[in-house]
Amino acid sequence: MENKRRLFALITPPSVFLLFFFMVPLVIMALYTLKASSFGPLLPFSFTAFENFFSNPSYFVLLLNSSRLALLTAVLSILLAYPVAYYLVFYTGARRVMLLTLLILPAWISYLLRVLAWKVILGSEGLLNQLLIQAGLIQDGAPILLYSQAAVLITLVYVWIPFAALPIFAAMERIDPRLHEAAADLGASPSVTFWRVTFPLTMPGVASAFFFVFIPTLGEWVTPTLVGGVSGIMYGNLIQDQFGRALNWPLGALMSMVLLVLVGVFSYIFNRFIPITEVPVSS
């Protein structure tokens with residue numbers, strides 16, 4: 001009985017917090033999809049937002065493009081973060097924590113400043129143009145990559161690499177060194193040891209890194225606004241416009257709910273292959 005009271009006392013505060021600051025706003029958002037206008041009464045229910053959304057194929061095209069960009073960002077971030085985490089864990093010894101701290105140090109700077117820095121680098125007078133001019137490849141500076149999907153991809157990968165490296169680093173640190181010693185004793189080469197021992201054991205960390213990057217990137221709208229321009233617009237920009245400029249909150253709420261469902265579907269499919277319960281929780 002005493003244990004039940006302690007358990008109840010422990011789970012009540014987070015449950016209440018989750019109820020009022022996650023579930024209630026989610027229900028309100030769902031109800032807004034059934035409103036006829038942003039500031040009118042809830043009743044009678046209207047399906048105008050559903051008709052607008054499902055009759056416009058451009059919304060689905062943009063959602064598909066945003067999903068592809070988020071997937072590409074997650075994959076590239078993991079590909080770049082994995083060797084960094086591998087080097088830190090297996091080749092830097094006691095300095096690995098200090099080097100990991102240096103790796104994530106840029107993440108302590110404002111997200112907006114980091115994105116704006118890439119706007120300067122890719123701009124007409126930026127570092128990229130100066131290098132191309134000095135190499136004689138171009139005569140005058142021009143925003144070659146700026147205001148495109150490539151600029152959005154480069155910036156997002158740069159922003160998310162430290163967050164992708166953390167769970168992979170944690171997964172590698174949990175590997176028992178005796179497994180590598182046993183593989184060497186059995187005559188396995190370093191490459192065979194990596195593919196048969198190290199890589200499978202780090203897959204939970206890779207899965208965690210994928211979720212860390214893919215889910216927030218799918219709803220991204222700040223980075224496309226600053227460096228993407230018209231050609232780099234993402235689905236999140238459309239939602240932001242519905243709540244801001246267009247003041248069409250029912251449609252914005254419906255688009256947000258569609259994005260939430262899509263994230264849930266992607267998470268379920270990915271979790272079928274790599275269970276999230278196996279993801280390491282500490283470094």
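**Exercise 1. Find which residues of H5 meet which residues of H6.**

Step 1. Start on the H5 side: Val120, Ile121 and Leu122 do the meeting. Across from them in H6 sit Leu127, Leu128 and Asn129. Contact here means heavy atoms within 4.5 Å.

Step 2. Sort these residues by type. Five are nonpolar, one is polar and none is charged. (Ala, Val, Leu, Ile, Met, Phe, Trp, Tyr, Cys and Pro count as nonpolar, Asp, Glu, Lys and Arg as charged, and the others, Gly among them, as polar.)

Step 3. Now the geometry. H5 covers residues 111–122 and H6 covers residues 127–134; they pack at about 20°, with axes 4 Å apart. (Axes are lines fitted to C-alpha atoms, for helices over the stretch in contact, and angles run from 0 to 180 degrees between N-to-C directions.) H5 and H6 are therefore roughly parallel. (Under 35 degrees counts as roughly parallel, over 145 as roughly antiparallel, 65 to 115 as roughly perpendicular, the rest as oblique.)

A word on the model: it is predicted, so local features need pLDDT of at least 70 and side-chain atom pairs 80 or more, while totals for chains, interfaces and linings use all residues. Numbering runs from 1 along each chain as its sequence is written, and side-chain values use heavy atoms, leaving out hydrogens and water.

**Exercise 2. Describe how H7 packs with H9.**

Step 1. H7 (residues 149–173) and H9 (residues 190–218) pack at about 155°, their axes 8 Å apart. That makes H7 roughly antiparallel to H9.

Step 2. Pick out the contact. H7 brings residues including Trp160, Phe163 and Ile168, and H9 brings residues including Val206, Phe212 and Val213. The contact divides into 14 nonpolar, four polar and no charged residues.

**Exercise 3. Say what lines the largest pocket.**

Step 1. Its space is about 180 Å³. (On a 1 Å grid over the protein atoms alone, a pocket is an open set of points where a 1.4 Å probe fits, with protein on both sides within 12 Å along at least five of seven lines; lining residues have an atom within 4 Å of a point. The volume is the space filled by probe spheres set on the points, which are joined across faces, edges and corners.)

Step 2. Among the lining residues are Trp221, Asp241 and Arg245. H11 gives the largest share, three residues. The lining splits into four nonpolar, four polar and two charged.

Technical notes:
Helix = DSSP H or I, 4+ residues; strand = E, 2+ residues; numbered from the N terminus.
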